[in-house]
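Take a first look at the structure below. The report that follows covers an annotated site and then a nonpolar core.

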Amino acid sequence: MPDSASPLAPYDAVLLVSFGGPEAPEEVVPFLRRVTAGRDIPDSRLEEVGEHYFARGGRSPINDLNRDLLARLRAELDRREISTPLLWGNRNSEPFLAGAVHEALDQGASRVLTLVTSAYSCYSSCRQYREDLAAAVDDVGPAADGLVIDKVRPYFGHPGVGRAWRRALVEALSALPDPTSARILYVTHSIPTAMDDTSGPGDGEGNLYVDQHVRLGRRLTDEVNADLGLAVEGELVFCSRSGRPGQPWLEPDVNDRIEELAAEGGVSAVVVAPIGFVSDHMEVVHDLDTEAAETAQKVGMPFVRVATPGTDDLFVEGMVDLLLERAAQARGEVVLPETWVPGDVRPSVCDPGCCPNLRAVKPALCGSD
Ligand SMILES: CC1=C(CCC(=O)O)c2cc3nc(cc4[nH]c(cc5[nH]c(cc1n2)c(C)c5CCC(=O)O)c(CCC(=O)O)c4C)C(CCC(=O)O)=C3C
Ligand SMILES: [Fe+2]
């Protein structure tokens, strides 16, 4: 039942929304079919795409990471004496979002606040989840009539995210024999350039996905240099490109950049900070810890990977602060969003046409369109 005294009021349930991943070999191809739905990719190709999952026993780390995060969020809510139910749903694997909507209704919820495990603005990280929520409510049918689902704003610049990365970067740089000429490589998931060009509210802003990463990276580089008395440089690179070879995606690829830096000389080590990810997803353990680390070894470049926020206290506390900020907004209070990246706080209710789906127009929740 709604508890109007709760600091999370008017919300009576919190829902962690994530990508999902397989947990057994027989789940790999069905998972990939869902990820690539509508693109007619034959199963034989999906078997190849799934190779890095098969190489790890068919189990993605992502669901276990989310279980850990849920436990830490629950503990932090309990510590603040907030008893609001905390639920979990995925886009591409069990537990699916429709089940989470059923659960919310079973618990008597009427307003659900969602926290997506993706901190930036673009179709894949924002609107697609909003479409998933609309589809989940549609799946549940009339039982979900009147259920309100809101989400927190893109939170890449939240101090909880920034401070967790700063601490991890300081630790990684301090452990190097010669940090003065290290290079920080901020890494995120590559996306088609067309998706980046249209990320944001669509009134000429665009390229918000890259811009948000660049701004967080700049702030982190400044903070870490100040903390350690250094003057290292940082730059943004990309991992996990997929899609058709002819389609332009964001570059440079992290591997190519490591090779270039080794050839140019003058860089004592690469410090790889995957700021596009909140925890050690498959992209991090495979594309960075395995592939990029191998590339670095091949060209003789010392390589360290910076810890992701994961279940870091700074991150977990920050995410609870973010939920409380959204609840205050929903109550109509005047809220000054906490941020490390002033001037780039995105609204909690997405603008019409923001981060559009370039393939189809679908209903989406949590927006004004
Ligand atoms: C921006 C972005 C994020 C970050 C935001 C967020 O967190 O959502 C993200 C996360 C993730 N992506 C993941 C996995 C995959 N992404 C794929 C494909 C794609 N990703 C894209 C973008 C993103 N992806 C895009 C533009 C494609 C092309 C096809 C499409 O438009 O959908 C494919 C298909 C195979 C392939 O094409 O290689 C897989 C298997 C996993 C799970 C990892 C695990 O198991 O730990 C996670 C967290
Ligand atoms: Fe992806």
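## Glu283

This is a predicted model. Glu283 is found in helix α11, which covers residues 282-298. Is this residue buried or exposed? Glu283 counts as buried because 20 other C-beta atoms lie within 10 Å, and the cut-off for buried is 20 or more.

Which residues does Glu283 touch, leaving aside neighbours within four places in sequence? Its contacts are His189, Cys239, Ser240 and Phe277.

## His189 and the annotated site

The UniProt record, an unreviewed entry, gives the feature "binding site" at His189 and Glu283. They are spread over 95 residues of sequence, yet they cluster in space. The largest C-alpha distance is 7.9 Å.

His189 sits in strand β5, residues 182-189. It is buried because it has 23 C-beta neighbours inside 10 Å. Residues up to four places away in sequence aside, His189 touches Cys239, Ser240, Gly276 and Glu283.

## The nonpolar core

The largest nonpolar core has 93 residues. Leu185, Val187, Val271, Ala273 and Leu323 have the most contacts inside it. Where does this core lie? It lies between domain 1 (13-155 + 311-330) and domain 2 (159-305), because both give residues to it.

Leu323 is one of those core residues with the most contacts. Not counting residues up to four places away in sequence, Leu323 touches Leu8, Val14, Leu113, Leu115 and Val152.

Definitions and conventions. Residues are numbered from 1 along each chain as its sequence is written. Chains are lettered from A and ligands numbered from 1 in the order in which they are written. This is a predicted model: local features need pLDDT of at least 70, side-chain atom pairs count only at pLDDT 80 or more; totals for chains, interfaces and linings use all residues. UniProt positions are given in the numbering used here, feature names are shortened, and annotations may be inferred rather than shown by experiment. Helices (H or I, at least four residues) and strands (E, at least two) are DSSP runs, numbered from the N terminus. A residue is buried if 20 or more other C-beta atoms lie within 10 Å of its own, exposed if 12 or fewer, and partly exposed in between; C-beta atoms are placed from the backbone. Two residues are in contact if their C-beta atoms, placed from the backbone, lie within 7 Å. A nonpolar core is a set of buried Ala, Val, Leu, Ile, Met, Phe, Trp, Tyr and Cys residues joined through C-beta atoms within 7 Å. Domain bounds come from an automatic or database domain assignment.
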